[in-house]
Amino acid sequence: MTDTSLLKNEADKMGVALDDRALDRFDLLSKMLVERNKHVNLTAITEPRDIVIKHFADSLTPLAHIELGEGARIIDVGCGAGFPGLPILIARPDLRCTFLDSVEKKLKFIEDYFIKAKLFGETLHLRAEDAGAMSEYREKFDAAFTRAVAPLNVLAEYCLPLIKIGGIYVSMKGTDDETALGKNAVEKLGGSIEKTVSFKLQNGDMRNLVIIKKVSHTPTNYPRKSKKIAAAPL
């Protein structure tokens, strides 16, 4: 059973409003995540309190630090089981949210959740570097999000090509501040690091949000193929 009072309290601290319907959707997500995880490896975090703090509250933190207009188009890159995208969508169901991952079984979980929660979103079974080269996705999003899936200089090449000028990329990281590591890549790809926000989760875990603004078009030769990105990060 989800501790919805704990979740609401954590969201309130951030200035993120969760109504009863949102809290019910979080409860459903927690139950579905634990149940599906018995059969498909979605997450190592399965204790109810840990799900609330490490998945739900953590995923909501960008909403405290960026502005997303009504109906903004956002993308969760390397979404896994839907974090941070699903909590953001639950809090802001007006957003047009795309979930991108190369693992189809994780996208199937997100699709099943959409149906049961009566939420609307798009899933993309693609690699990020392929999506970033496609005209229907390149520089089409108001915001992109990632959560600790690779170093910032690598993530920037996957994400910035997807974001329109004036849009935002939020890289959600753990204890390390990667602004120095990612600065060259971000600027080369048309971005500018606006700020890094450091904070602790309710359980004491450290987090860093790197907030990047898209200020110019990404050069057409980016993103490169994943092997080149891995072998020679910007």
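In which loop is Thr-218 found?

Modeller: This is a predicted model, in which local features need pLDDT of at least 70 and side-chain atom pairs count only at pLDDT 80 or more, while totals for chains, interfaces and linings use all residues. Residues are numbered from 1 along each chain as its sequence is written, and side-chain values use heavy atoms, with hydrogens and water left out.

Thr-218 sits in the loop between strand S7 (206-214) and helix H9 (226-231). Helices (H or I, at least four residues) and strands (E, at least two) are DSSP runs, numbered from the N terminus. Thr-218 counts as buried because its relative accessibility is 5%; buried means under 20% relative accessible area, exposed over 50%, and partly exposed in between, with a 1.4 Å probe and protein chains only. Leaving out residues up to four places away in sequence, Thr-218 touches Arg-138, Glu-139, Leu-160, Pro-161 and Leu-189, where contact means heavy atoms within 4.5 Å.

One of these neighbours, Glu-139, lies in the loop between helix H6 (128-131) and S4. Glu-139 is not a glycine, yet has a positive phi of about 50°. Glu-139 is also buried, because its relative accessible area is 18%.

The loop between S7 and H9 also holds Pro-223. The peptide bond that joins Tyr-222 and Pro-223 is cis, with omega about 5°.

Seven of the nine residues of S7 are buried, so S7 is largely enclosed by the rest of the structure. S7 takes part in an open sheet of seven strands with mixed pairing, in the order S3-S2-S1-S4-S5-S7-S6. Strands of a sheet pair through backbone hydrogen bonds, either parallel or antiparallel. Two strands are said to pair if DSSP finds at least two bridges between them. The edges are strand S3 (122-125) and strand S6 (191-200), each of which pairs on one side only. From one strand to the next, the twist averages 20°; axes are lines fitted to C-alpha atoms, for helices over the stretch in contact, and angles run from 0 to 180 degrees between N-to-C directions.

S7 has an antiparallel partner in S5, over six bridges, with Met-172 standing opposite Leu-209 in S7. S6 and S7 also pair in the antiparallel sense, over nine bridges. Here Ser-198 stands opposite Asn-208 in S7, and the bridge partner of Lys-200 is Met-206 in S7. The hairpin of S6 and S7 has five residues between the strands, and Gly-204 takes a positive phi near 100° there.

H7 in turn meets helix H8 (residues 179-188): their axes come within 7 Å and cross at roughly 35°. In this contact, Leu-152, Asn-153 and Ala-156 in H7 meet Thr-179, Leu-181, Gly-182, Ala-185 and Val-186 in H8. By class, the contact has five nonpolar, three polar and no charged residues. Ala, Val, Leu, Ile, Met, Phe, Trp, Tyr, Cys and Pro count as nonpolar, Asp, Glu, Lys and Arg as charged, and the others, Gly among them, as polar.

To sum up, Thr-218 is a buried residue in the loop between S7 and H9, and S7 is paired with S5 and with S6.
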